[in-house]
Every structure is written in C-alpha cells, then in structure tokens.
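Work through the following exercises with the sequence and the coordinates at hand, and try each task before reading its solution.

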Amino acid sequence: MTINIDTNLQHVRQRMAAAATRAGRDPEEITLVAVTKTHPWAYVARALAAGQRDFGENRPEEAHAKFREEGATADPAPRLHLIGPIQSRKARIAVACRPVLIHSIDRPKIARKLNDLALAAGVVLDVLFEVNVSGEASKFGFAPDALRQALSEILSLPALHAHGLMTIPPFDPDPESARPHFRALRRLRDQLRQEFPRADWSQLSMGMSHDFEVAIEEGATIVRVGSAIFGPRAV
Ligand SMILES: *Cc1c(COP(=O)(O)O)cnc(C)c1O
C-alpha cells in the first residue's frame, strides 16, 4: 500500500476546517499535531515539505533519535510535541527533546521530576495535564479531583508552565461516543479557569484520527492525528 502523505494532510486539514466552521469557530485557532510514532524520519520530512510543522511522538527515546539526531538540521525546524506517558527514568531524555509542549503530565511525581530537570537545564517546559475524565481504571491521567488537589503545588513549580488539558477517551469506533468525554474535559477546563485564574487554560488537546471532528466541535484547540495522515502503524 502506498501512503500519500500530502493528500492525506490536505484532506485532514479540510475536514478540520469544515468541523470548525460547523461549530462557528475559526479554523486558524486549531493546531494539527501530526503523530509520527513508529514511522521513519522520511515521513516527517515529507510532511514538513507539505507545510506541516507540529509533530507528536509518544516515546521520548524515539522522539530524540528522530527529531534531535536524524532530523536535527531540518529546515524549517519541526515543532515536537510529547504526547505519551513519561516514565521517571525517561524524564531526562524527554527534557533533552526540547519539546514545544508536553501533553501528558499525569501525576505529581513526574511534574516535580521534569521541573527539577528543566531547572538544571535552564529551560521552561510548556505542559498540559492529562485527565482521565471517563474514570476508566486502565487509562492514564489524573482523575479530575486528584488534579485539583495537585494543582496548587504543581502550578507553583517554576520551570513548568501550564496551558490546559489533554484527554484520550476510551476507544470506541463510533466517534460520537467520545463526545461526552470531550465535553467533560472542556467543562473541567472552564471550572479550573475559575478556580486557578492565574494559570493559562487556553489549550484543549483532544481528538485523534477517528474522532477529531467531534473534538473540534466540542472545543479542541489541538488535535493529534496519526493514522489518517501516515497510514496504519505496524505494532
Ligand atoms: C498514537 C496517538 C495518537 C494518534 O492516534 P491515531 O489514531 O493514529 O490518530 C494521538 N494521541 C496519542 C496520545 C497517541 O499515542
């Protein structure tokens, strides 16, 4: 099977714009993160040539090898997002990836660890908090109340700058089943904005290949799309 990355990107962007317009939103306010996990640098290069700038990886080591080693001199430079859970022992390489955004702060311990490493490296990390709005036991992310309790500490960490929330709903092939989860994330964000008014809550990272249009209708500012652009992943 041949994958036409250029055509797929165009198609995804058109579908994003249509969903934004349906919801009365400006398509320009939504960022497409092209998820390249498991795919070679050549796929990133192809997407870069087609005008894509934001890319997502879920493993810090793979992200570093691809974006900071193989693709280190790419021009224009890609903007790397880390979107997967970060284990403590991978925190150092996550910081070395120099991500523009970490979507997946899912527990206080990793927030502290990343803050310490960022301070030592003299950088600031822009982050989102991953929330498990469905309450599914198998999912990563803070339960909403656990996040509230952790925030007064986490928001005071000097090298982490918060910008909003991220979620991954339980998988269901019907995109409509994700809608209540996306809506719940947005509602939680609106509440946190009242409760913690000094932090930036502008970003909602939600929506993947099969449900990004529903996510945009529900207020996503960032969608993370892999297979609809790069084809299926070998697992
Ligand atoms: C892999 C991944 C995606 C993209 O998934 P697709 O279904 O291929 O679009 C989005 N978000 C996260 C956190 C991922 O790990």
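**Exercise 1. The largest pocket**

How do the residues of the lining of the largest pocket divide into nonpolar, polar and charged?

Solution. The model is a predicted one, in which local features need pLDDT of at least 70 and side-chain atom pairs count only at pLDDT 80 or more, whereas totals for chains, interfaces and linings use all residues. Residues are numbered from 1 along each chain as its sequence is written, and side-chain values use heavy atoms, with hydrogens and water left out.

Begin with the search itself, which runs on a 1 Å grid over the protein atoms alone: a pocket is an open set of points with protein on both sides within 12 Å along at least five of seven lines, a cavity is a set of points where a 1.4 Å probe fits but cannot get out, and lining residues have an atom within 4 Å of a point. Grid points are joined across faces, edges and corners, and a volume is the space filled by probe spheres set on the points. On these terms the largest pocket holds about 490 Å³. Its lining numbers 22 residues, of which Lys 37, Ile 168, Met 208, Arg 224 and Arg 233 are the closest to the centre. Sorting the lining by class (Ala, Val, Leu, Ile, Met, Phe, Trp, Tyr, Cys and Pro are nonpolar, Asp, Glu, Lys and Arg are charged, and the others, Gly among them, are polar) gives ten nonpolar, seven polar and five charged residues.

**Exercise 2. The largest cavity**

Find which residues line the largest cavity.

Solution. One cavity of 30 Å³ or more turns up in the whole structure, and the volume of the largest cavity is about 30 Å³. The lining includes Val 131, Asn 132, Val 133 and Ser 134, then Lys 139 and Phe 140, then Thr 167, Ile 168, Pro 169 and Pro 170, and also His 181. By class, this lining comprises six nonpolar residues, four polar and one charged.

**Exercise 3. Helix α7**

Solution. Helices (H or I, at least four residues) and strands (E, at least two) are DSSP runs numbered from the N terminus, and the expected span of a helix is 1.5 Å times one less than its number of residues.

Next, take burial, where buried means under 20% relative accessible area, exposed over 50%, and partly exposed in between (1.4 Å probe, protein chains only). The buried residues of α7 are Arg 179, His 181, Phe 182, Leu 185, Leu 188, Arg 189 and Leu 192; among the elements that cover them are α6, β6, β7 and α8. Arg 189 counts as buried because its relative accessibility is 6%. Beyond its neighbours within four places in sequence, Arg 189 has contacts (heavy atoms within 4.5 Å) with Leu 165, Trp 201, Ser 202, Gln 203 and Leu 204.

**Exercise 4. Backbone geometry in loops**

Locate the cis peptide bond and the loop that holds its proline.

Solution. The cis bond joins Asp 75 and Pro 76, with omega about 0°, and Pro 76 belongs to the loop between α3 and β3. Thr 38, in the loop between β1 and α2, has a positive phi near 75° without being a glycine, and is partly exposed at 44% relative accessible area. Arg 98, in the loop between α4 and β4, likewise is not a glycine and has a positive phi of about 50°; its relative accessible area of 40% makes it partly exposed.
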